[in-house]
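Please look over the sequence and the model before reading on.

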Amino acid sequence: MEILVASAVGIMTAAGIYLILRRRTFPVILGLSMLTYGVNVFLFATGRLAIGAPPILNKYADVPYTDPLPQALVLTAIVISFGMTAVVVMIALGAYLSSRTDDINMDDAATETGEDA
Amino acid sequence: MSLFLIAALPFLGAVFPALFIRAGRNASASSAGLTTLLAFIGLMLHAPAILRGEVVTARFDWLPILGLNANFFLDGLGFLFAGLILGIGLLIILYARFYLSRQDPMGQFYTYLLLFQGAMVGIVTSDNILLLLIFWELTSLSSFLLIGYWKHLPEGRQGARMALTVTGMGGLAMIGGMLILGHIVGSYDLTVILQHKEAIQASPLYLPALLLILAGCFTKSAQFPFHFWLPHAMAAPTPVSAYLHSATMVKAGIFLMARMWPVLAGTPEWFYIVATAGLVTMVVGAVIALFKDDLKALLAFSTVSHLGLITMLLGFGTKAAAIAAIFHIINHATFKAALFMSAGIVDHEAHTRDIKRLGGLRHLMPVTFTIALIAALSMAGIAPLNGFISKEMMLEEASHTGWLGNAYIIPGLAVFAALFSAAYSFRYIGHVFLGPKREDYPGHPHDPGFGMWAAPAFLVVLVVLIGLFSGKIAEPLVQVVADAVTQQHPHVHLKLWHGVTPALYMSIFAVVGGLLALLAHGRLEAIWNALPRPEAKVIFDHIIAALTFVADRMTAGLHNGSITRYSLVMILFCTGVSYVAFDSGTLPAATRTVQEAGPLAILGWFALVVATGLILRHHHNRLLALILIGIVGLVVSLAFNYLSAPDLALTQISVEVVTIILMLLALNFLPKETPREIPQQTRLRDAAIATVGGLGVGGLIYALMVRDFAAGTISDYHLANSYKGGGGTNVVNVILVDFRGFDTFGEIIVLGIAAMVIFALTEAVLGSKVRAYLLNRKPDLPQDGDPHPLMMVVATRVMMPLALLVAAYIFFRGHNLPGGGFIAGLVAAIAIVMQYMASGFGWAAERQRIFYHGVIGAGVLIAAATGMGAWFNDLPFLTSAFGYIHWAPLEEFEWATAALFDLGVFLAVVGAVLLALESLSRFAWQPGMTSEHAMDINPARDDEPKIKSEV
């Protein structure tokens with residue numbers, strides 16, 4: 001189980017990084033979303049994995065509970081990352097409509113660093 | 001009056017002149033004058049206590065652990081300076097009322113002036129050196145506004161910039177020096193620091209602290225080699241020059257040297273730095289002043305020279321010299337302010353300040369002539385005026401001070417400077433007022449009205465009175481100031497006639513020499529003009545240009561506008577730092593057993609990996625990539641559910657829906673394809689970086705998951721107290737609304753701000769020329785012939801109440817079972833968005849008029865009000881309460897204030913999500929788009945189907 005989660009986090013992070021290094025707004029936003037998934041699962045997993053032990057207190061039986069704290073943290077993070085994504089999408093949209101290009105690099109920079117962008 | 005109030009009054013009063021200017025210039029000036037007068041009276045109420053030698057204090061401990069206290073104290077020195085600042089400020093306000101023309105924005109002027117005045121009063125009354133530093137910087141900033149008051153004059157702007165650059169840099173140096181001083185003593189309170197002379201002077205940090213503090217003082221007080229800014233600041237209106245350069249701004253450095261005198265003075269370092277700088281400044285300023293043709297430039301350099309004199313006296317480090325310095329501070333303030341004002345009058349009436357174009361004004365302006373004559377003679381050091389006494393005292397001190405064992409350098413140069421000082425003072429009289437009347441004045445010079453000459457006249461009366469009755473008038477004040485400066489009780493005795501002393505001979509020599517120098521002015525000027533001399537402004541401009549060039553190159557080199565490059569740098573940096581951290585740590589053996597993965601988990605993992613791979617492969621097709629990323633999000637939600645996090649699963653899946661809708665809406669306007677423009681080499685490099693990053697993060701979390709916590713966690717506390725203390729069994733929800741309620745409160749505010757930003761961005765974009773493009777935009781993909789299909793409309797109508805019911809259910813059970821405000825809010829938002837999708841935004845918005853800004857605001861306010869409710873029970877913000885209610889037919893149920901808080905969360909989330917989506921929808925609006933009917937094709941309707949395109 002752990003290896004699955006860890007590899008999934010790694011894959012999502014790697015995909016996020018790769019997409020963030022693209023030159024157009026849309027793939028960069030997708031990359032940010034992928035990175036968000038990776039980071040959220042990472043944070044969640046710091047509470048260690050447990051199956052069938054939700055942190056809902058059971059009045060009638062003494063059952064194990066998983067760590068609730070990272071969950072609360074990640075819940076906040078999910079909502080905030082929605083806000084962030086929404087703002088970034090709007091900025092990208094405004095920039096595209098105003099300048100008719102969705103290149104994230106400035107023109108002079110693009111010519112200067114064309115080979116590494 | 002409390003010192004707090006005295007220091008705060010000018011700041012509080014600063015709003016009035018700007019407001020009252022609408023009621024006329026007199027109202028504006030009166031409000032400024034009354035504010036100052038009030039502060040002045042408040043100060044004078046302390047006069048009896050101060051003259052008895054008491055110290056008035058006002059303390060407010062703000063952050064005592066950091067040494068940040070708003071402490072004020074008033075001793076003799078502070079009283080003298082505060083009196084000068086407020087007293088002369090009052091005269092300047094009167095003078096400026098008549099000096100400024102109708103075209104000048106007078107409200108602004110008085111507002112700046114009061115801000116500056118407040119900052120100065122703050123400096124001289126602060127007990128805490130950190131507070132003092134803040135006021136110090138405030139004087140730099142507000143003097144910038146004052147010097148650059150005539151914004152239309154390039155010299156004004158340049159002069160203001162130069163003054164700010166020089167004094168601001170000095171201020172930065174001083175911050176360092178003050179912090180060192182506070183570090184040595186262990187306190188930032190001046191009164192404490194002043195008790196620790198031995199500790200400070202014995203410290204190895206004494207010299208750095210001294211140099212840094214003196215850098216601040218010398219730049220502020222225009223000491224050589226930082227003297228050059230002061231003459232350029234003369235581009236300001238004359239009232240500003242008179243205020244800044246007689247009694248206030250430039251005296252701030254002097255004040256600080258006097259303030260720090262007890263702990264810093266008396267060492268050879270102090271003597272050689274301070275006395276030498278003062279001596280050089282005094283000589284250089286006096287010589288240049290004689291050859292300036294601009295009246296104000298002459299006065300500016302004479303100010304530089306006199307500041308040098310005071311600095312030199314303070315630098316001597318003896319008590320007698322300190323007394324002379326204090327007395328000269330008073331005298332210089334009186335005669336120099338009067339001189340500046342008389343120069344302003346001449347400029348105002350004759351329309352020129354060029355000495356070469358003036359002369360003979362005594363016939364036309366007798367009152368101004370009298371004022372200028374007395375003030376200038378005092379500056380020249382002629383008996384029986386006050387300038388004579390302090391110059392005598394200066395020469396007396398200079399006559400028995402040696403420099404590097406040479407007994408003649410200081411007295412010789414002091415007499416030389418005094419000679420030039422007398423010469424330029426005489427020139428001010430001789431070349432402006434004496435001589436024959438001319439016919440070619442640019443204006444029609446005549447004496448101004450009483451209002452304009454009242455202030456300088458008052459000052460010259462003081463000049464005469466202090467000169468004649470120094471023992472009666474000035475001595476008690478100088479005594480308490482000297483006590484404060486020296487922290488001892490030296491004997492002060494001021495008198496006009498000291499007998500026939502070496503100082504008298506030196507003085508007579510200087511005055512006679514000054515007269516001769518004036519007679520030979522034409523020849524001296526020819527020599528002076530033939531001499532090569534460095535122009536400070538040119539050097540300054542070159543240094544600034546060089547610095548700007550370097551800064552530009554640095555910025556352009558690093559910050560080249562390529563976001564890709566910034567991301568690359570950031571990712572590489574994070575990876576590098578993580579590697580270093582990993583490499584320098586140790587990795588203990590694994591302690592947890594790896595859990596078995598079921599087929600379901602493997603299936604989910606497989607879906608995730610395939611979807612991610614396909615995204616990377618096909619991300620150029622944006623719609624496809626969006627659908628694929630939805631799969632990733634879905635798998636993540638399922639994983640949360642599988643791994644005992646039902647709340648997260650619910651949140652993730654509802655956020656997923658909203659995010660995908662948002663991105664789809666945006667994609668409608670964006671290109672549908674990403675061009676393949678990146679060379680393969682770069683792609684391979686990025687892939688390598690991404691692989692390293694992914695491996696690192698994956699490895700780290702794996703290493704974490706197979707080990708137990710290194711230290712105990714606080715999670716057990718939350719589990720144990722969730723029900724007992726928070727009244728809920730869903731621990732995650734209780735953490736959100738109770739244990740960490742403050743975080744959640746902050747979070748909904750952030751979410752609200754994000755929605756507002758989106759709204760504002762939309763407004764900005766739609767307000768620009770983009771709107772025309774959007775209105776005429778043709779969709780770049782074929783549109784659906786039936787954008788509002790009957791089936792969907794009917795289905796969403798049925799689903800809406802159901803969805804809202806689900807939202808309510810999720811909301812109410814949140815405290816005990818998975819759910820809560822966040823998730824309920826998202827579900828409710830989706831229910832409403834479905835209506836938008838089915839019948840079009842325009843149609844839905846017309847029928848459901850909800851002001852989303854208000855919803856967000858209500859959410860935040862409800863949450864805040866719930867939190868504040870705890871105050872009424874004397875509990876900290878956001879302490880929750882809960883209890884159980886039993887109503888007859890129902891089962892016993894629980895209520896908690898946390899539910900009210902969660903309601904705030906719910907509203908904020910609904911409002912934020914809908915405001916964001918609504919903003920996006922507004923981009924698509926085109927005229928005639930809003931359909932009249934909920935669906936385009938409706939068999940129940942007879943009319944022709946109207947088919948219009950909409951997104």
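UniProt positions are given in the numbering used here, feature names are shortened, and annotations may be inferred rather than shown by experiment. The model is predicted: local features need pLDDT of at least 70, side-chain atom pairs count only at pLDDT 80 or more, and totals for chains, interfaces and linings use all residues. Residues are numbered from 1 along each chain as its sequence is written, while chains are lettered from A and ligands numbered from 1 in the order in which they are written.

**Annotated regions**

- In an unreviewed entry, UniProt lists "domain: MrpA C-terminal/MbhD" at residues 608–672 of chain B.
- Residues 71–97 of chain A are 100% helix and 0% strand, with end C-alpha atoms 39 Å apart.
- For residues 28–51 of chain A, the values are 75% helix, 0% strand and 34 Å between the end C-alpha atoms.

**Domains of chain B**

- Chain B is divided into domain 1 (265–519), domain 2 (599–673) and domain 3 (732–951), with bounds from an automatic or database domain assignment.
- The C-alpha centres of domain 2 and domain 3 of chain B lie 22 Å apart.

**Contact between chains**

- 100 residues of chain B are in contact with 81 residues of chain A (C-beta atoms, placed from the backbone, within 7 Å).
- Helix α32 (residues 680–705) of chain B gives the most to the side of chain B that touches chain A, with 15 residues.

Conventions
Helix = DSSP H or I, 4+ residues; strand = E, 2+ residues; numbered from the N terminus. Contact = placed C-beta atoms within 7 Å.
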